[in-house]
Amino acid sequence: MDAYALHLAMAALVGASFVAVSAYYMHRKTLSQLLEFAKAVERDREREEEEDEPGRGDSPQHYKKYAEKRRNHGRRKSNGYYRRVSASLPDVTVISGGPDGEEKRNGSLDLIPAGLPRLHTLPEGKSTVPSNATKRSAHLIRPTSPKSPVASASAFESLEGSDDEDNLTDSTKLDHSYLHTNGDANIADCLNTNGEQAQITASSIIRSHSVSGDLHGVPPDPVAADILRKEPEQETFVRLKITPNEVPSPDEVESYLVLQKCLELRKSYVFTEEVAPWDKEVISDPSTPKPNPNPFFYTPEGKTDHYFEMEDGVVHVYANKDSKENLFPVADATTFFTDLHHILRVIAAGNIRTLCHHRLNLLEQKSAPHRDFYNVRKVDTHVHHSACMNQKHLLRFIKSKLRKEPDEVVIFRDGTYLTLKEVFESLDLNSYDLNVDLLDVHADKSTFHRFDKFNLKYNPCGQSRLREIFLKQDNLIQGRFLAELTKQVFSDLSASKYQMAEYRISIYGRKQSEWDQMASWIVNNELYSENVVWLIQLPRLYNVYKEMGIVTSFQNILDNIFLPLFEVTVDPDSHPQLHLFLKQVVGLDLVDDESKPERRPTKHMPTPTQWTNIFNPAFSYYAYYCYANLHTLNKLRESKGMTTIKFRPHAGEAGDIDHLAATFLTAHNIAHGINLRKSPVLQYLYYLAQIGLAMSPLSNNSLFLDYHRNPFPMFFVRGLNVSLSTDDPLQIHLTKEPLVEEYSIAASVWRLSSCDLCEIARNSVYQSGFSHALKSHWIGKEYYKRGPDGNDIQRTNVPHIRVEFRETIWREEMQKVYLGKAIILDEFDK
């Protein structure tokens, strides 16, 4: 090694050693300084706490300063780690508190819902509140859960481990404002002549069971505690004012005015009854409604003089044939598509999207306490009749028929009549070979984003002939097998007692006689259950019928669907069985694959008579003409005292956002609606209008959206009117009770509480088309009233606190949109 390299290595070694020694001493010095600084901070904090301790001063300002420091300290330090509180969260203040956190002293605090009884009180004369505590100002702002001794932090963050917990467990620090906000004590009675707060007697303190533990220094009575647990109507809470009182900016005012117009547009379209059902039929007997002993007994009814004719795709009704006045006018197509384009422009506006997104985020941050879940009425608001049974049930039924009726002639194929046994022999199958896997009706991963493959799952063993035999009503045996299978499903529903269903059955619009065939199948097989009502679903298959030569224009489909309904309404004797069937029909649905591409309609679209090309009209085109004719039909039926039919289509499962805009204007409820997650404006409008969403997460998981990405829990937290439904139990579910399976999986995956499940079940009853008498029996005789007044906790198991919370937040949002001028009735929309 030469001398130069050796000198270079020695220089590097010396330099590195010097740097290391310097770094060591610098690090040591820095640590010493940090330790000294930490000790100084600790000494200063202890000194400030000693100086500001509320017990050493009688001034409320001292206590306020102390409480603020403790609160800030609790936010900073918890169990040895530091927390970050979002600066974007709104300020939270107690409604009863003023700007300085002091109590209002102008009488009784109006913080408890009317009708709540007083809670358990302490024995007379056993006051445990020290005199210095009576001079403190209110500062507790957290509602408490009846399940937990720790105050809930709601949707903001957990306060577990913070120093504020001392205020809940230390009896010497109990706050009077908290006691009074949980009771009905009059604050004015607690003031002496000098305006100072006098000593409060124990009898005036209302003890709330929302916070467990020894609040007053008195050991809890186990018997009293058990009584309190069993009386949910005694739940109380401290109301929170989460939204700050701020004046909206000019840009926000402009956005709110646009949203107002959208809501008013919807009101101008949606059909509402002139007289509400609860005004037509007053329920005086609280007992279970008596079932109709003979639901298919027909009483002849006279024909009226009404005359109707189809004009430009919409039926016009006149008082008689000579009259020229349209009795029930409806918005024309040009007006509808103009309004639809206005909605589409609104949901695309950047400032309105920002505002609605902000409001929805605030709604998601708000929450309320809850309680246990018991047996409550649940309605399957979206289930297709041909898939209403599970696959094991269908398999047992097929085996039973193959064993008991093998020689029954069931189908005509290729010029030959075949018995049931011959059909299975032609498929090389027998009853011993059949199993669930061979049946192959369960949706798997191959159906994801493949609506065509999903529809093929309706064919048992992949054979369309088996579907025609067992799952169709218009076949050679006149639907006898499907009727027997339906009765078995009805029996299962009746046995469960608390489960109801709204089955959707198809009318295709290929010929007008379909209505009479359907009605005769229902009446002749006596398909009736107190647990079931029917919806009619219209498949959007004009292009298929056009290519087959069944129809020549879109007008043919409208004629085949709606003209028989007007005929039976004007003259029930013309279709007596259809008249009986329509008494059980509560809704009209539109179904098909929404993911198919389509052209957005314009206000100058061709009329149905002019629509003669082979292309399928857009969803909104179908929606308008179904809405317009149904609106006119309902007005006519209501004028004659008949039942009405609501428009409740599939929408928002896939495809364009236009579908949801069209149903916002026209529909009472919709099925699915998962695409609302893509549009903050439409989602906010659906929340304000409280349009029902019958969501089916398991079905979406098989077709269009992974279960964990489903927006159902977000919609529910934000307060949208959502319910759970099964859609297709044959393809989706595995158990005998598919609706309970849907609830169970949702509760497990999204950690829904029992109160959440009860609220969802209550929503399903509201969304359903069951009669006023049944709803009164299921969820309370005054169910149509808003807020806690319409909640019968003994029937719904939804605490008043949850119902009042939802109502209060919704009213606040409505007032904000209407700039404080919203007119809100005490009853739900008709």
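Two strands count as paired if DSSP finds at least two bridges between them. Strands (E, at least two residues) and helices (H or I, at least four) are DSSP runs, numbered from the N terminus. The structure is a predicted model, in which local features need pLDDT of at least 70 and side-chain atom pairs count only at pLDDT 80 or more, while totals for chains, interfaces and linings use all residues. Residues are numbered from 1 along each chain as its sequence is written, and side-chain values use heavy atoms, with hydrogens and water left out.

By these rules strand β8 (residues 499–506) and strand β9 (residues 532–539) run parallel and are joined by 6 bridges. Across this pairing, I505 stands opposite I536 in β9. Both strands belong to an open sheet of 5 strands, ordered β5-β8-β9-β10-β11 with parallel pairing. Its edges are β5 (378–384) and β11 (646–647); each has a single partner strand, so one side of each is left without a neighbour in the sheet. Helix α15 (residues 480–496) lies across β8 and β9 and runs at about 155° to β8. Such angles run from 0 to 180 degrees between N-to-C directions, with axes as lines fitted to C-alpha atoms, for helices over the stretch in contact; contact means heavy atoms within 4.5 Å.

Another open sheet has 4 strands in the order β12-β13-β14-β15, with parallel pairing. Here β12 (650–651) and β15 (722–724) stand at the edges, and because each has a single partner strand, one side of each lacks a neighbour in the sheet. Within this sheet, β13 (residues 669–672) pairs with β14 (residues 692–695) in the parallel sense over 3 bridges, and N669 stands opposite G692 in β14.

F412 is found in strand β6 (residues 409–413), and its 43% relative accessibility is why F412 counts as partly exposed. That class lies between buried, under 20% relative accessible area, and exposed, over 50%.

The protein chain contains 30 helices and 15 strands. Of its 830 residues, 51% count as buried.

Definitions and conventions:
Buried < 20%, exposed > 50% of the residue type's maximum accessible area, 1.4 Å probe, protein only.
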